[in-house]
Amino acid sequence: MLYGRAGEQADIERLLAEARTGQSGALVIRGQAGIGKSALLDYAAGRAEGMRVLRGVGIESEAELPFAALHLLLRTGHDRIHALPDAQAAALNGALGLGDIAPENRLLVGLATLSLLSELTGDGALLCLIDDAQWFDQASVDALVFAARRLEAEGVAMIFAARAGFHATGLPELRLGGLDSAAAAALLPADLLPQVRERLIEESDGNPLALIELPAALTAEQRAGRLSPVGAMPVADRVQEAFQTQIAALPEPARIALLIAAADGSGELETVVGAGASLHGLESAERSRLIEIRGTIVGFRHPLIRAAAYQSAPVTQRLAVHQALADALTGLAATDAADRRAWHLAAAALGPDEDVARELEEAAERARTRSGHAAIAAAYERAAELTADPVRRSGRLAAAALAASDAGLMGRAAALADSATPDVDDPDVIAALIQVRAHREFELGTPLAAGRIIMDGVSRVAAHSYEWATWLLVEAIRCAWFAGDARLAEEAAASLRALPEVNSPLVSGALGLTRLLSGDIGGGIKLMGEAVDVHALAGLGVPGLTFAASLCLPLGRAILYEEITGRAVADCRKSGMIGWLTFALQDHGLAQGWLCQYGEARAALNAGLRLAADLGHEHRISHITCSLAWVLAHQGDMEECRAIAEEGVARADAQGLVLAAAIGRWALGLLELGMGRPDAALQQLEAIPSTGIAVLSAADQVEAAIRSGRPERTKEPLARYLAWARHVRQPSSDAIALRCRALVEEDEAHFVHAVRLHEEDTQPYEQARTQLAYGEWLRRARRRADARAQLRGALEIFDRLGSELWAERARVELRATGDVPAAPRRADDPLSVLTPQERQVVRLAAGGASNRDIAAQLFLSPRTVGYHLYKAFPKLGITSRAQLAAIARSSSVLD
């Protein structure tokens, strides 16, 4: 499997597809060693179904042997040389050592090569793969490039892979650079921590070979996240061997200069020289093309050279260089000079040193102003290592753990927390340790266990800090909400009420969630509404915003939900709180889906899913998977929705994630309802336990019960939804409540009122659902004209939203009224509903051509052209030729 090469793979696929149609082409893939050129050739060979494949590889030891590489490439086609014209056959036989006479005209050998390649295609196509072309002998290169430049209609595809030194002027080139971060990360072992992965990606410059080899050289501590921002990562022997050989050949001043530049990492010439690098040594290294000096910046030609220079130096020399760099940075005005000095001092330290630890602590706090949580964690951790006093050491470990948790490094955070002294009595430290352990359990264990961690330790915090205790108890209630556990919520709420009053909207929200879990919808909604007041949200940080956002779903506040989650996502990205970003993306995607912004919702949820997978946040993966299924259910993506919903529900059930599983079951219920399978929908929706989701999904449960012929099973969910809608008082929920009543009571007045309320709403999907249900009711009442108006409105919305299953239901109903609905259209290509012949006719007609003109161009009769237009108009939802131009102009086909 190739990572991060989708564009290159597409280029190769296109080249192969054209060869299969008789169109020839050539491509030169250029890049450094290990960048993936051979992998792309292998990919081409693997995709060459039905094609003959020739492969040749340049051999450095044969680079001076004329036509050696060409002989190797064409060896399986020697038996077809006799089919070439005599002069060409003689020239090629002589070149390949198959005849007695050596060729006098190498261009004739090139022409013979072209002819033979064409001959070898037979009735199909030919793929010619040339690897390490820089080591081909020049005679072979001349012949192959000559042939490649003249390929036209033979059905031959030629792909060269080469480093520097191969010249093929006139041939299209594809230059391979390093992989992007996502693709590079995919090549790394899954068990590496995010900050380790990022450092490896940086050091390797995205080189696939280096990415594969670098992890093997990491120490256990480095794999666990112990990375210094100074120095360089170790490089496996076979990657660094060439660079180390070059470095070893340099004079000592140049080697020392390279070591100082490698240890420094900033590239500032002033610092490198100030630490002892001589200008003569730097010049020598630059002449060897190991570094480049541009103005006042020293840069390594490749990141792996820096790593090789650092790792090949003796440890005593490295320690001395770090001390020299720290001295050189003393007193410099650069904004990061103090931070770099602290790290160099730490790298030079051989044991506990409180002075250095204090400088690192200061560096950590400076990093906080830049929101670098991983950097904060690293600085505090290293400071703790240099701290002799156990109490002070525990405080620094707690700070490191909290920062690591905010950065999403759950495993590292827990390990740091476990390293702290257990009998510490500082409330800030105790609270931080509890929070870290609970957060890890929340993401990797079960929400219920996370809540119990908080409840077991909060009394120690409350004895010293009511504010910290309040926040922890709010967190415990949040855990109970995700676990669907009313008992834990009530226990935490009781402790919360026993504390002196803390003026925080989050307290109201937490107590509201507790009431909602216990079945008190009215009391819960009232308290939660106070918590999301605009003024109450001012000044909240990411954790507070995330909690407030989670209240908007049971409050029915879709717009506010999207606003808060959008702010949380922006704040997470700005502050570097990666651990919270997955949570924020999950809620933001759900909010966008609620507002029918399905494309944006899927993008946010997929981004959150990838990030959660990178961080190893198993719970977040399950929750986002179920949320994504819920969005897909609205669009009617049957196969993908069912697959990921069932996967998400199974995972969530196993992890005790009641809320996530409820969303997944809601998705499955919606999907079944859209597919016209109300019995299966009812089974899924009735399986949702008593959570906020059970309230929100009650309307779908009512519809499923009615459509499955079980009106007696509507009583409880109808009462549940009506009670909720009465308290939240939102136009959408009021309209849906009226739709439910209309379905149960068969009262048209409820439908009419619901449609009117939807006009004030921001959820077109629900509006279309109401219009569809009303239209169906009107059709059954034999009021076809009235039914068409509602059904057309529903169809227009469903088509616009891409809700294919529901759109098809509207079409079926419209046909039953005697109407001819427009066929489904892709948003980016209105002509996608037409047959190929209809598309051609419509495109020409849209350009103003008459039926007779179109008939002449397409070799059809004017009558047939008219027939195609007659078939196309209803599919496009138009009635006249004059409307064709506007539709055709918006089609991507005409671009």
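A search of the whole predicted structure finds 47 salt bridges, a salt bridge being a side-chain nitrogen of Lys or Arg within 4 Å of a carboxyl oxygen of Asp or Glu. Because the model is predicted, local features were required to have pLDDT of at least 70 and side-chain atom pairs pLDDT 80 or more, whereas totals for chains, interfaces and linings use all residues. Residues are numbered from 1 along each chain as its sequence is written, and side-chain values use heavy atoms, with hydrogens and water left out.

Among these salt bridges, Glu381 pairs with Arg412, with the closest N and O atoms 2.0 Å apart. Glu381 lies in helix H19 (residues 373-385) and Arg412 in helix H21 (residues 410-419), so this pair ties together parts that are 31 residues apart in sequence; helices (H or I, at least four residues) and strands (E, at least two) are DSSP runs, numbered from the N terminus. Both Glu381 and Arg412 are buried, where buried means under 20% relative accessible area, exposed over 50% and partly exposed in between, for a 1.4 Å probe and protein chains only. Arg769 and Asp700 form another salt bridge, with the closest N and O atoms 2.7 Å apart. Since Arg769 belongs to helix H42 (residues 764-780) and Asp700 to helix H38 (residues 698-707), the pair ties together parts that are 69 residues apart in sequence, and both of these residues are buried. Salt bridges that share partners also join Glu354, Asp355, Arg358, Glu361, Arg392 and Arg396 into one network.

The side chains of Glu49 and Arg20 meet in a salt bridge as well, at 3.5 Å from N to O.

When neighbours within four places in sequence are left aside, Trp630 is in contact (heavy atoms within 4.5 Å) with Leu590, Gly593, Trp594, Ile663, Trp666, Ala667 and Leu670.

Gly451, located in helix H23 (residues 447-462), is buried, with a relative accessible area of 0%. Gly451 and Ala476 are 25 residues apart in sequence and 4.6 Å apart in space, C-alpha to C-alpha. Not counting residues up to four places away in sequence, Gly451 touches Ala476, Cys479 and Leu488.

Helix H30 (residues 558-575) has 18 residues, which at 1.5 Å a residue should span 26 Å, in agreement with the 25 Å between its end C-alpha atoms; the expected span is 1.5 Å times one less than the number of residues. The buried residues of H30 are Ala558, Leu560, Tyr561, Ile564, Thr565, Ala568, Val569, Cys572 and Ser575. The face of H30 turned away from its buried side carries the exposed residues Arg573 and Lys574.
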